[in-house]
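Open the model in your viewer and keep the selection tool at hand. Each stop below says what to pick and what is there.

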Amino acid sequence: MCFHLILLHFSKEPDASHLVNGSWVLIAGDSQARLFTLSLLNLLLGSEPQRMDFVKTALFKRHSNYSISVDEIGMKLDFVWAPYVLNLTHLLTDFKTKKKYPNVMVMGAGLWHMLHVSNPSDYELVLQTLKSSLVSLFPFSTDIANAYGIAEVVVMLVTTALVTLVMLLIWQTNLFMALCFPLLFGSIELIYFFVVLSKVMERGWLPLVFATFFLTVMYIWHYGNVLKYQSEVREKISMDFMIKLGSKLGTVRVLGTF
């Protein structure tokens, strides 16, 4: 099912070439993964029947890996025969050790695992274990997602507040209609905001620290400008004083000027 959904993104050969251009593509799994590999290569090389015949012969060797380079788009594709979840876990561990990861990775190990290792009812637990291994082994963290979530929700709240001001001051919308907008969207966003606040201790504090820092800088800048303006107003020389002072300095008005 997952493979078929992914193939929807590769509807045409130009689309597929563009998406995997210059990439290292790794497909690991059982027979279904092998069929997915064939479908992808057929999109890329379908216009070369002889080459595809050679690919099919080499790809469908029993229980074997397969590699191919498509020099036209600078893509390298590796198929790894990994029919069991344990095979995929070892593959991820190897990537972690070498600190070298593919640009695109597709994994699938379902039929063989259910037939030879576990019952179908227990397979959900196996998939959860594989997911945990994937999250822990690959170079990404949920901490980034937590920080991004808080930043995104705060942006949504600020946007709602600014749109409400525009509706009142610029568009001059009816007060009732203008208040319905923040009540509807703001309430939904506040629910999300209180939910993501639970992630503050899991690196969700990062955008709050950045926001506090920039708020402090902008406040200091504004405070300095206010002091500068007040100083200029306080020390401003009045026009009456300038006129009185000009008469004592012996200034001469030039004809044609006021």
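Select F181 and F185. Both sit in helix α9, four residues apart, or about one turn of the helix. Helices here are DSSP runs of H or I with at least four residues, strands are runs of E with at least two, and both are numbered from the N terminus. This is a predicted model, in which local features need pLDDT of at least 70, side-chain atom pairs count only at pLDDT 80 or more, and totals for chains, interfaces and linings use all residues. Residues are numbered from 1 along each chain as its sequence is written, and side-chain values use heavy atoms, with hydrogens and water left out.

How many aromatic pairs does the structure hold? There are five. Rings of Phe, Tyr and Trp (its six-membered ring) pair if their centres lie within 6.5 Å; planes under 30 degrees apart count as stacked, over 60 as edge-to-face and the rest as tilted. The ring centres of F181 and F185 are 4.9 Å apart with planes at 45°, so this pair is tilted. F181 is partly exposed at 24% relative accessible area. F185 is also partly exposed, at 37%. Buried means under 20% relative accessible area, exposed over 50%, and partly exposed in between (1.4 Å probe, protein chains only).

Now select Y219 and Y223. Their ring centres are 6.4 Å apart and their planes at 15°, so the pair is stacked. Both tyrosines lie in helix α10 (residues 200-234), four residues apart, about one turn of the helix. Y219 counts as exposed at 54% relative accessibility, while Y223 is partly exposed at 46%.

Go back to helix α9 and pick P182. P182 is partly exposed, with a relative accessible area of 24%. Show its contacts, meaning heavy atoms within 4.5 Å. Leaving aside residues up to four places away in sequence, P182 touches T160, T164 and S187. P182 and T160 are 22 residues apart in sequence, yet their C-alpha atoms are 6.2 Å apart in space.

Switch to a surface view. Select V154, V158, L162, L165, V166, L168, L169, I170, W171, L175, L179 and L183: together they form a nonpolar surface patch with about 1200 Å² of accessible area. The elements giving two or more residues to this patch are α8 (142-169) and α9 (175-196). Helix α8 gives the most, with seven residues. Like charges are joined within 9 Å, and nonpolar side chains (Val, Leu, Ile, Met, Phe, Trp, Tyr) within 5 Å. Accessible areas come from the Shrake-Rupley method with a 1.4 Å probe; for residues, only the protein chains shown count as cover.

Next, colour by annotation. An unreviewed UniProt entry lists residues 147-170, 176-197 and 204-224 as "transmembrane region". Residues 176-197 are 95% helix and 0% strand, with end C-alpha atoms 31 Å apart. Residues 204-224 are 100% helix and 0% strand, with end C-alpha atoms 32 Å apart.

Now look inside. Is T37 buried or exposed? T37 is buried, at 0% relative accessible area. T37 is in helix α3 (residues 31-45). Beyond residues up to four places away in sequence, T37 touches I27, L59, L77 and F79.

Finally, zoom out. The protein has 11 helices and four strands. Of its 258 residues, 29% count as buried.

Terms used:
Patch = residues over 30% accessible without salt bridge, like charges linked within 9 Å, V, L, I, M, F, W, Y side chains within 5 Å. Salt bridge = Lys/Arg side-chain N within 4 Å of Asp/Glu carboxyl O. UniProt positions renumbered as here; feature names shortened; annotations may be inferred.
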